[in-house]
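Please look through the sequence and the model below before reading on.

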Amino acid sequence: VVYRVTGNDQNGTGHIYRGITLADHLFEHDILFAVTPSDHIAIDMLEASNYDYQIFDDDAAFLRSVEVNSPDIVINDILNPTAEYVTRVQDAGCRVVNFEDLGNGTDHADAVINALYEHSKPPADHYYGFEYFCLRGEFRYATSKTEIDSVDQIMISFGGVDINNMTAHTLE
């Protein structure tokens, strides 16, 4: 399994956290993470997690590697891979799974998982909604908290980069 992932100042850490969470549960498979040089946060987290990874300069270098090594599955957690990219991966004999994909690659992937996006009538090979969210271990196994009497402060967070500025909209 090759898991292509992003994790940097622009895209945040959610993708790499999901990748590590899945890898922790797929221990019977050989998993290689694929990143770009700009994915410094993902690289640091993979180093700390002791997962194998390879750095590719760009899509072309990654696609050449896929064509040579022909993994069974390529998982894309990189946001909206193109139809051409997905087709080239499949032409190498790989099944393709995309996470959080709303681009034109969705029409070609073998499966698309969009836990963050709701879709009323997704195609048969698309899985939308909260039922497909990958809950990290620290949340899954956390102990229940008791009710607190009053709240003086709250924290609002919409992911690592909040590109839609949802925090400000919520506070308004």
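The following report describes the chain as a whole, then its sheet, its helices and a few single residues.

**The chain as a whole**

This is a predicted model, in which local features need pLDDT of at least 70 and side-chain atom pairs count only at pLDDT 80 or more, while totals for chains, interfaces and linings use all residues. Residues are numbered from 1 along each chain as its sequence is written, and side-chain values use heavy atoms, with hydrogens and water left out.

The protein chain contains six helices and seven strands, where helices (H or I, at least four residues) and strands (E, at least two) are DSSP runs numbered from the N terminus. Followed along the sequence, these elements give the pattern β-α-β-α-β-α-β-α-β-β-β-α-α. The C-alpha atoms fill a box of roughly 60 × 40 × 30 Å, taken along the principal axes. Of the 172 residues, 37% count as buried; buried means under 20% relative accessible area, exposed means over 50%, and partly exposed lies in between, with a 1.4 Å probe and protein chains only. Among contacts between residues at least 6 apart in sequence, 39% join residues at least 24 apart, a contact being heavy atoms within 4.5 Å.

**The sheet**

The seven strands form an open sheet in the order β3-β2-β1-β4-β5-β6-β7, and their pairing is parallel; two strands pair if DSSP finds at least two bridges between them. At the edges stand β3 (53-55) and β7 (126-128), each of which pairs on one side only. Neighbouring strands of this sheet are turned by 15 degrees against each other on average, direction ignored. For such angles, axes are lines fitted to C-alpha atoms, for helices over the stretch in contact, and angles run from 0 to 180 degrees between N-to-C directions.

Strand β4 is mostly covered, since four of its five residues are buried.

| Strand pair | Bridges | Opposite residues |
| β4 and β5 | four bridges | Ile-73 and Arg-95 |
| β5 (residues 95-99) and β6 (residues 111-114) | three bridges | Asn-98 and Val-112 |

Helix α1 (residues 14-25) packs on the sheet, where it touches β1 (2-5), β2 (32-35), β4 (73-77) and β5, and its direction makes about 160 degrees with that of β1. Helix α4 (residues 83-91) also packs on the sheet, touching β1, β4 and β5, and the direction of α4 makes about 145 degrees with that of β5.

**Two helices in contact**

How do α1 and α2 lie against each other, and at what angle do they pack? Helix α1 and helix α2 (residues 40-49) pack at an angle of about 25 degrees, with their axes 10 Å apart. That makes α1 roughly parallel to α2, because angles under 35 degrees count as roughly parallel, over 145 as roughly antiparallel, 65 to 115 as roughly perpendicular and the rest as oblique.

On the side of α1 the contact is made by Ile-16, Tyr-17 and Ile-20, and on the side of α2 by Ala-42, Met-45, Leu-46 and Ser-49. These residues divide into six nonpolar, one polar and no charged; here Ala, Val, Leu, Ile, Met, Phe, Trp, Tyr, Cys and Pro count as nonpolar, Asp, Glu, Lys and Arg as charged, and the others, Gly among them, as polar.

**Single residues in the loops**

Ser-70 has a positive phi of about 45 degrees although it is not a glycine, and its place is in the loop between α3 (59-69) and β4. At 35% relative accessibility, Ser-70 counts as partly exposed. Glu-100 likewise has a positive phi of about 45 degrees without being a glycine; Glu-100 lies in the loop between β5 and β6, and at 2% relative accessibility it counts as buried.

Asn-11 lies in the loop between β1 and α1 and is partly exposed, with a relative accessible area of 28%. Asn-11 and Thr-82 are 71 residues apart in sequence and 17 Å apart in space, C-alpha to C-alpha.

Is Val-151, in its loop, buried or exposed? Val-151 is found in the loop between α5 (137-140) and α6 (166-171), and at 53% relative accessibility it counts as exposed. The C-alpha atoms of Val-151 and Glu-67, which are 84 residues apart along the chain, are separated by 56 Å.
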